[in-house]
Amino acid sequence: MSEKLKPQAGRPRLISLPIFWQVMGLSLAVLILAIVIPALVVLKAPEPPPSGYSLSEVVTALRTGEARLQNGHRLKAQTLTAAPDFITVEETHGQRLLSFQTTIAQRLAGELNVPADTITVRFPPRKRFNGPMRDYNAVHMMGDGKFGVPPDNDGPRPYNQRDGGPFGDLPPPGEIPQNRHAASSGAAPLASFGAERTDTFYPAFNAAWKLKDGTWRVITPPKALIEPWQARLLLGFGLTALLILPLAWWLSQRLSRPIIAFSEAAAKLSVEDNAPPVLSVGPREVRAAADVLNEMQTRIRKQVESRTALMAAIAHDLKTPLARMRLRIEDLPGPLREKLSGDIAHMDGLIRSAMSFTSAHKMNETLRPLDLSSLVESLSEDLCAVCTMEPALIEDNIMVKGDGVALKRIITNLVENAARYAGGCRIELSSRAHKAELRIVDDGPGLPLEALETVFEPFYRLESSRNRDTGGTGLGLSVARALTEAQGGSLTAANRYAGQQVIGLELLLVMPTLSLK
């Protein structure tokens, strides 16, 4: 391999690392980001507002029908004609939680300036993940705007398992000091936590206020689609995805770019002397595959060159004996001379066909722009004199890059085959999607399905007698395809059908067109 095909020397680039380590690096980066980003979101993000509400917010909702909570949700009150279900359900909580519910109900009654027996409070139970029922802690808004638990000297203590209750040791409802609102109105004794605080936030609870007309004003905890802690987790996941996707895209591009270049270069490999080798760049695996492919290309090229040289030598050496045979048969009787002359002509044609087949790959040196429409039109007029042909259908101004002599030989061979086996044909030339499509259409018996591709193999003949009067040398279609592919085109065969019945054969020659400027 020449030095210009090797990557430039210098420090190793990421793209030259093995694919295994590049994929492993991406996996580790994804794992680290998936752990670090959610952790940073949980630890560094501002503290979310409490999920419950304060007494002042509950009082506002009961009085006006709606209150906006600190967490952005709306607490709405409903008016019912019958008592809500949570009042009639039998209590199963401990004594301390029942005392706390009674205390909250008395506080609400004091704020609303109504009798305490008209207010009912119930804390709905909540469950941990596959765990037992859990109780609640009150959250107090501090002076600096942050949230915490109420201090011991200013209200009930937060829940802990040792106390056995949600808020520590609460006094019995009858021993709670009277609230000034209830005292002024003659209502029953109300709960008070020392200095009154309406900014203490409690876990969401149900509350019902029985009005004078017998209806009930009821509030229930608003059902949030996403809780604050869930929003934080989703934010962490979203940030992780935003950072991982560009990294994955970038590394995927770096991995796929040399593989795509390798496949494109491999597709261009041929037996031509000027076919460029595959550039040995990219990951180690791609570079190893490129080196192996280049070595294989060199071996194939040498084998083809040896075969071509052998065929050329044989053809050259056979010309002299054939020339001597032509001279020697001149003195023979007429019938014998004609037979030997035909044999010599057949051998000469066979040699020329073999030489054309083996040297077709070097045709790229003679390719030039030409008007395929004009070439096919003039050739079809000439072939009409020796073959039965229908009027040709030719689209004008179709330009291709090819060899005029080779194209004439291809078309002539295809038309003569159609005339020999089908009795006639029709030529159609059109362009579609930057491709020139030349069709040789006949109304003959068609070909067996298994022979549609093998008919292009060298020395393959459907007529097995090897009689040159009923079949050619077996190289006609092989040479036609080889010449077509040497010009960047393709040649295929397909049967024509009318329903399930074969009504003929279609040979399709496709070549890239040149744009007219």
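## Briefing: salt bridges, a sheet and a helix pair

Seven salt bridges turn up when the whole structure is searched, a salt bridge being a side-chain nitrogen of Lys or Arg within 4 Å of a carboxyl oxygen of Asp or Glu. Please keep in mind that this is a predicted model, where local features need pLDDT of at least 70 and side-chain atom pairs count only at pLDDT 80 or more, while totals for chains, interfaces and linings use all residues. Residues are numbered from 1 along each chain as its sequence is written, and side-chain values use heavy atoms, with hydrogens and water left out. Helices (H or I, at least four residues) and strands (E, at least two) are DSSP runs, numbered from the N terminus.

**A salt bridge to look at**
- E390 forms a salt bridge with R426, with 3.1 Å between the closest N and O atoms.
- This pair links distant parts of the chain, 36 residues apart: E390 sits in the loop between α9 (372-383) and β13 (393-394), and R426 belongs to strand β15 (residues 426-432).

**The five-stranded sheet**
- Five strands make an open sheet in the order β2-β3-β11-β10-β4, with antiparallel pairing; two strands pair if DSSP finds at least two bridges between them.
- β2 (66-68) and β4 (119-122) are at the edges with a single partner strand each, so one side of each has no neighbour in the sheet.
- On average, neighbouring strands of this sheet are turned by 15° against each other, direction ignored.
- β4 and strand β10 (residues 206-210) run antiparallel and are joined by four bridges; R122 has N206 in β10 as its bridge partner.
- Helix α2 (residues 55-64) packs on the sheet and touches β2, β3 (74-80), β10 and β11 (216-219), where contact means heavy atoms within 4.5 Å.
- Helix α4 (residues 95-112) lies across β4 and β10, at about 140° to β4; such angles run from 0 to 180 degrees between N-to-C directions, and axes are lines fitted to C-alpha atoms, for helices over the stretch in contact.

**A packed helix pair**
- Helix α10 (residues 404-422) packs with helix α12 (residues 476-486) at an angle of about 145°, and their axes are 9 Å apart.
- Residues of α10 in this contact include I410 and L414, while L477 and L483 are among those of α12.

**Spans from the UniProt record**
- The unreviewed UniProt entry places "transmembrane region" at residues 20-43 and 233-251; such annotations may be inferred rather than shown by experiment.
- Residues 20-43 are 100% helix and 0% strand, with end C-alpha atoms 35 Å apart.
- Residues 233-251 are 100% helix and 0% strand, with 27 Å between the end C-alpha atoms.
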